Amino acid sequence: MNSLFLNCLILSISLALFTRGFLLMRLEIDRKTPSCQSDFPSIEDDISSCQNSHFKFKKLVVMIIDALRYDFASFDEDRAMQMIFHNKMPIFNDLMKKEGCENARLWRFWADAPTTTMQRIKGLTTGSLPTFIDLSKNFASSEITEDNILDQFIASGKNITFMGDDTWMNLFPGRFNKAFPYPSFDVKDLHLVDNGVIKHLLPELGNNDWQLLIAHFLGVDHCGHRYGPFHPEMPLKLQQMNGIVQGVAESIDNETLLLVMGDHGMTHTGDHGGETFNEVNAALFAYNRANKFHRCKSDESKDPLVNQVDIVPTISFLLGTAIPFANLGVAISDMMPEQSGYNEQEHDSIKHLMTSDVLFSNAKQVYTYINSYQDISKSLPAATYQNLTKVYKELEKLFKEQNENSDTLQQQLVEFIKSARQMCREVWAKFDIFSMIIGLTLSVILIAISLHSIDPIFGLVYQMVFKTLLVLMGVSIFISIIIKSNLFLAFSLLFSGVMFVSTCVIGLKYVWEAIGRMKILDEIFPTILLIMYSVSFTTNSFILNEDITTLYLVLSLIICITASVFYGKSSSSNSNIAENSNNSHSANESNSEINKFPPKLVHRRRQAKNHSQDKSAHEKTPLLRQNHILLLLISLAALLSSRLALYFRYCRAEQFWCFNDESTEDNQSSTGYNIPRVLLSCFSLIASVWILLWHLRKGGNLKNTAAMNGFVCRKNFPMATGFVILSWILLLVPPKGLAVLPSWCVTYSPRIVYLLLAIFFIFHWVNPVYTTILYPDGFGNYVESHIKTTITQIYNELKSKLNKNNKESVDNSAPVVFGLYTVITASTVSVLLCLIILFSMLLGPEKATSLSLWLICSVCALEMNSISMQQRGSSYVPWSSVILWGMISSFWWFATGHQASISSIQWDAAFVGFQGSHATNIIPGLLVLLNTFCMQILSTVSLPLLMLWPQTKSRWYFNNEEQNEEEFTSELFFYKDQERFFNVFKDLLSKYFGFYIAKIVGCMVCTCLHRRHLMVWWIFAPRYMFEGVSLIIVMLSSIFTYAHMHNTGNKLAKWFRSVEETLE
């Protein structure tokens, strides 16, 4: 247990160090721009300050239509390919045609990744660039304390009215004069938030108690999450938004500016979070009645593009407020209103002059910010910062000497702001290479520890190489901290590196000897596949197609292990080398260990049959009991189940070839679910639960009708399955039908499932021993109680006298125990069954079938491992079987609808059993976490079966039953030799950790190498983050599994003591 905790601790430190070096957060400066100072010194007669500027608007209406992609808002009658969502919001085109581009404009509104709502709101209000690590705050949206446009409005004495997404209430508490928030996290609800906004929007427009009105609609975004953009619900929702925009445009006065914008777009599956084109390509529409925008130019682009942060300084100038201190946006000059009261020549002059004033004030604010940032953090590159400072001083001089060349000045001011923004973007992606290398080194050391489980010679190399390196590095870092000398640290690390290389050269001889003893099919080839998998993370194309890659590796490993068994029995294996120290001890004490069991105790799988019938029934071995034929059928079943599971994967936005927007429309219900898949999920869940319960019954583990643990297991699981299916059926009911039903009908079925599974787990932890004892009554009959009727006693006595001279009569004086030989397997299988029901419900009605296919493939892998271990004659699980087990887990992570991208997170899981807003973020976070990493949990919890399945002859329904009783006691390691059992289990965990550490090392290396890659935040960083969290889940699950095994052992020892007391 100590070694397990030590490995987990080192892994955690490794992940923390690497993550600290890779995902650095931006420093937030607690400083605000003074409320509206004189920003335009060049034209003091016309504009003395932003407070009394005569070209600003008095009111602003901001309509945020969440996930309003640009092609949702644009209008084109000549589209070559008409999609279902095209031209459903013609109001923008109608206003531009009717009133011209001087009053109505449409832009591409480019978002910065990550494209999650909280980060986009932060960018739209502060003008800053949220970093990737801020994504972790999307669940718990913390208050924005950085200077922002809302606080500047309040400082200017303006009132703000808000309605819609309640995320704003968490980000800006206490800022709103009026607020009408609605719960936003339930993506299944398309209408609650929108209907609430519609209810208050038009009435509030008629009031005079606000200067800024924010209306945040969520229906389009939720429609995308639930159905995707190609579902018939999408055009209905867009048409609804079209009507709302039209009503607002007709209601505003001449002194009000209307902005309609999307905070991000969506992929072809309706998700968002990354930086693909469709995710960052949002829309911005601006409309005013009297204060006309700059005249359109004939050569102006048809689809002009602006950055989302550009809207912040633009609003500040148009509404007469100060620009937020951390803004990095550029004011949109085309949105600056035209000036009246001038002739054409004067108009052009004043227009250029005022645009230059706006841009210079913008540049002055940006320079002030980067100057303050450099003073505090000292992290900006000196050369770039000094160059920008020089450019700003020159621009300041040119601005004071403005002349007719104002167009050139404006371009230079825009370039200065964009250069400053790019510098900050690069700095906030700055990496701490030292921390990354230390974290990577610790992970490599743990791989060396795992190699010790494959061959003991690797342990010697570990002692020579990695411990030397670890000690040298530790001493170097400690001394450098004490004397505060980076130079000493550099030389020490260099010396450590030289020593590391030297010891590696020495250790190569021993490694080569170890490789020479390794079998090609059992150790070398699976290791090569694992290395290939780890190395594949260095290419973005393999990460994008990782689901196909892992399937290929699973199929290759299945074929490899099958070929290894068919190749014939090997003379020795490396697992035998590790076991040699234990074999002699076990052989010498095997007979004595049996004496530890209570005397006269017989353990059976089921009721005894006539001995002569058993003997005749097994004179011939059926075809299915021949290992090679059985192995071939098992391998085919594993290959088939793996291929079928690919059907349930989730296609990334980049995998356009595996997406067909019309392929499922005929099979979809009105709620968007694929009906055949739902029916298949119901059948597969019932089949999985029945098979696992049948396995427990067949092993005799559920015969005891009086034990509460067995009773709960028999009753709770079928009931929980029924309620899961009921909850799925309710999901198929159209929204109008659900509106008739009470709200508890939807939430109570999953909650009952949670309750039933929680009750089972409590009783299981108290008593994980599923056995049944039948006591003899002295007349050859076994009963569960010693209380018998008089008639039964007389009958049995007569029967005993008639058979007293029968030599074949059996001495039935010993109690019979059912379920003892599979007691540990039954404990693991029952927990596995509980998790399968839970995860099936969280995955939803369309993906639960994949878990049944995983169960089939896992059983096949267990059988293949059993046959392989029988050939080896070892109780240690081979390396190839562990790699296959881990690879199955990796592939089924994709087969359950997950991908290494933010947009693939299944947020629906947060509302399984809940509706509306959660009182705390713990529950939805936990549900989404369980949904996302269900395969890692299942594989780790069921990991002990790899060593229990072959040892306890769990393939008894295929094997010959004529085996002595001692062969059926091998699962009782807990009672016979706990030290040996836990040695085998620790060896198994070490190999299993080695598989996942190899994956995380591959992710670390690729992330470190590609830290400046164009797609680092799109592909490589999410892959590392998902793998890192996955490893943490595996560590926690391993600790739980170890504790579960230990608890089962303690309760089993207690059970034996109680039996001994009873027999005495």
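In what sense do strand β3 and β5 pair, and over how many bridges? In this predicted model, strand β3 (residues 160–165) and β5 pair in the parallel sense, and five bridges link them.

Towards β5, the pairing of β1 is parallel and extends over six bridges, with Phe 217 in β5 as the bridge partner of Ile 65. Towards strand β6 (residues 256–261), β1 is again joined in parallel, by six bridges, and Leu 60 has Leu 257 as its bridge partner in β6. The parallel pairings described so far are set out below.

| Strand pair | Sense | Bridges |
|---|---|---|
| β3 and β5 | parallel | five bridges |
| β1 and β5 | parallel | six bridges |
| β1 and β6 | parallel | six bridges |

Strand β5 is largely enclosed by the rest of the structure, because six of its six residues are buried. Leu 212, Ile 214 and His 216 point one way from this strand, while Leu 213, Ala 215 and Phe 217 point the other way, and all of them are buried. In a regular strand the side chains alternate between the two faces of the sheet.

Val 62 has its place in strand β1, and, since its relative accessible area of 8% is under the 20% cut-off, Val 62 counts as buried. If residues up to four places away in sequence are not counted, Val 62 touches Leu 212, Leu 213, Ile 214 and Ala 215, and also Leu 259 and Met 261. Val 62 and Phe 162, which are 100 residues apart in sequence, are 9.7 Å apart in space, C-alpha to C-alpha.

The structure holds eight cavities of 30 Å³ or more, and the largest cavity has a volume of about 130 Å³. Of the 13 residues that line the largest cavity, Val 62, Leu 124, Thr 125, Trp 168 and Ile 315 lie nearest its centre. Two or more lining residues come from each of β1, α4 (117–126), α5 (149–155), β5 (212–217) and α11, and β1 gives the most, with three residues.

**Nonpolar cores**

The largest nonpolar core has 156 residues, and those with the most contacts inside it are Phe 717 and Trp 892. Helix α36 (residues 978–1009) gives the most to this core, with 18 residues.

Leaving aside its neighbours within four places in sequence, Trp 892 is in contact with Ser 641, Ser 642, Ala 645, Ser 850, Leu 853, Trp 854, Cys 857 and Met 935. In soluble globular proteins, nonpolar side chains tend to be buried together.

Key:
Residues numbered from 1 in each chain as written. Predicted model: local features only at pLDDT ≥ 70, side-chain atom pairs only at ≥ 80, totals over all residues. Heavy atoms only, no water. Core = buried A, V, L, I, M, F, W, Y, C linked by side-chain atoms within 4.5 Å. Buried < 20%, exposed > 50% of the residue type's maximum accessible area, 1.4 Å probe, protein only. Helix = DSSP H or I, 4+ residues; strand = E, 2+ residues; numbered from the N terminus. Contact = heavy atoms within 4.5 Å. Pairing = 2+ DSSP bridges. 1 Å grid on protein atoms, 1.4 Å probe; cavity = no way out; pocket = protein on both sides within 12 Å on 5 of 7 lines; lining within 4 Å. Points joined across faces, edges and corners; volume = space filled by probe spheres on them.
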